[in-house]
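Hi,

Here is the model I promised to pass on. Have a look at it first, and then read my notes below.

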Amino acid sequence: MLVVLAFLTIDSLDASRAGGRQVPDYDVINQHIGYTYDWSRRLEVPVIGPAEPLFGRTYSLQEASGLMSFGKLVIQSRACMDCHTFFGNGAYYGPDLTKAWLDPAWSQIWMPMTGSSTREAAMVAFLMHPDQYPTWTRRMPNLHLTRAEAQAVVAYLKWMSAIDTNGFPAHFGRIQAQN
Ligand code: HEC
């Protein structure tokens, strides 16, 4: 039994650490992240595509790791989980953020709305002034993020979208507000 437990622990660590089987290294933020349906697993999986610099630049693994730590601190300090979920943990007042980077609303609604030419610029504009760019029945309050804080959060969200979460959340487009 102990052997089985030890194997399972090591196996899930290998799957769940950055750079592990299902969780890419942080410098994946330099690449395009897509999504496709995997018929053999019968769920949606991320597809890590060609180079796609974030904010017009390519980050080394060390720089990307620093950005992730900063992004995580911003997310913890502003208690985003009071309203949002990450990997299903948190609250459902706002949308689940696990795959927020891939939300078609960035290109369809927020890029034109904020006059941005890239998805990441639209995300930064929204995160710095969510009260100015509402798209939903429920509003996100202005949490007074600086540009650097918003950029770190965007990098974190891009990395998170590249994680193979065994298909979670299914149909990650926006959940409909109930009110
Ligand atoms: C008081 C509740 C609340 C808090 C706290 C909050 N949000 Fe939100 N957030 C929302 C709501 C509601 C929306 C939907 C707003 C809209 O579409 O106009 C939203 C939308 C978003 C979106 C767009 C998601 C998508 O794909 O549609 C992102 C990204 C986001 N929030 C990130 C954050 C981050 C990062 C934090 C913490 C720094 C945070 N939010 C804190 C309520 C909140």
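Helix 3 (105-114) and helix 4 (residues 119-128) have axes that come within 9 Å and cross at roughly 65°. That makes helix 3 roughly perpendicular to helix 4. On the wording: angles of 65 to 115 degrees count as roughly perpendicular, those under 35 as roughly parallel, those over 145 as roughly antiparallel, and the rest as oblique. The axes are lines fitted to C-alpha atoms, for helices over the stretch in contact, and the angles run from 0 to 180 degrees between N-to-C directions. The helices (H or I, at least four residues) and strands (E, at least two) are DSSP runs, numbered from the N terminus.

Before going on, keep in mind that this is a predicted model, in which local features need pLDDT of at least 70 and side-chain atom pairs count only at pLDDT 80 or more, while totals for chains, interfaces and linings use all residues. Residues are numbered from 1 along each chain as its sequence is written.

Back to the first pair. The crossing of helix 3 and helix 4 is left-handed (left-handed if the near helix is turned anticlockwise from the far one by less than a right angle, right-handed if clockwise). On the helix 3 side the contact is made by Trp106, Ser107, Trp110, Met111 and Thr114, and these meet Arg119, Ala122, Met123, Ala125 and Phe126 in helix 4. A contact here needs C-beta atoms, placed from the backbone, within 7 Å of each other. The residues of this contact divide into seven nonpolar, two polar and one charged. For those classes, Ala, Val, Leu, Ile, Met, Phe, Trp, Tyr, Cys and Pro count as nonpolar, Asp, Glu, Lys and Arg as charged, and the others, Gly among them, as polar.

Glu120, Met123, Val124, Leu127 and Met128 of helix 4 meet Arg147, Ala150, Gln151, Val153 and Val154 of helix 5. By class, that contact has seven nonpolar, one polar and two charged residues.

So how enclosed is helix 4 by the rest of the structure? Largely, because seven of its ten residues are buried. Those are Glu120, Ala122, Met123, Val124, Ala125, Phe126 and Leu127.

Leu67, Met68, Phe70, Gly71, Lys72, Val74 and Ile75 in helix 2 meet Glu149, Ala152, Val153, Ala155, Tyr156 and Trp159 in helix 5. This contact has ten nonpolar, one polar and two charged residues.

Then there is the ligand. Of the 24 residues around it, Cys80, Cys83, Gly94, Asp103 and Met140 come nearest (near means a C-beta atom, placed from the backbone, within 6 Å of the molecule). The shell around the ligand is made up of 15 nonpolar, three polar and six charged residues.

Finally, some backbone details. Alanine 79 has a positive phi of about 50° although it is not a glycine. Alanine 79 sits in the loop between helix 2 and strand 3 (85-86) and is exposed, with 12 other C-beta atoms within 10 Å. Asparagine 166, also not a glycine, has a positive phi near 55°. Asparagine 166 lies in the segment after helix 5 and is exposed, with 11 other C-beta atoms within 10 Å. The segment after helix 5 holds proline 169 too, and the peptide bond from phenylalanine 168 to proline 169 is cis, with omega near -15°.

Cheers

Definitions and conventions
Buried ≥ 20, exposed ≤ 12 C-beta atoms within 10 Å, placed from the backbone. Contact = placed C-beta atoms within 7 Å.
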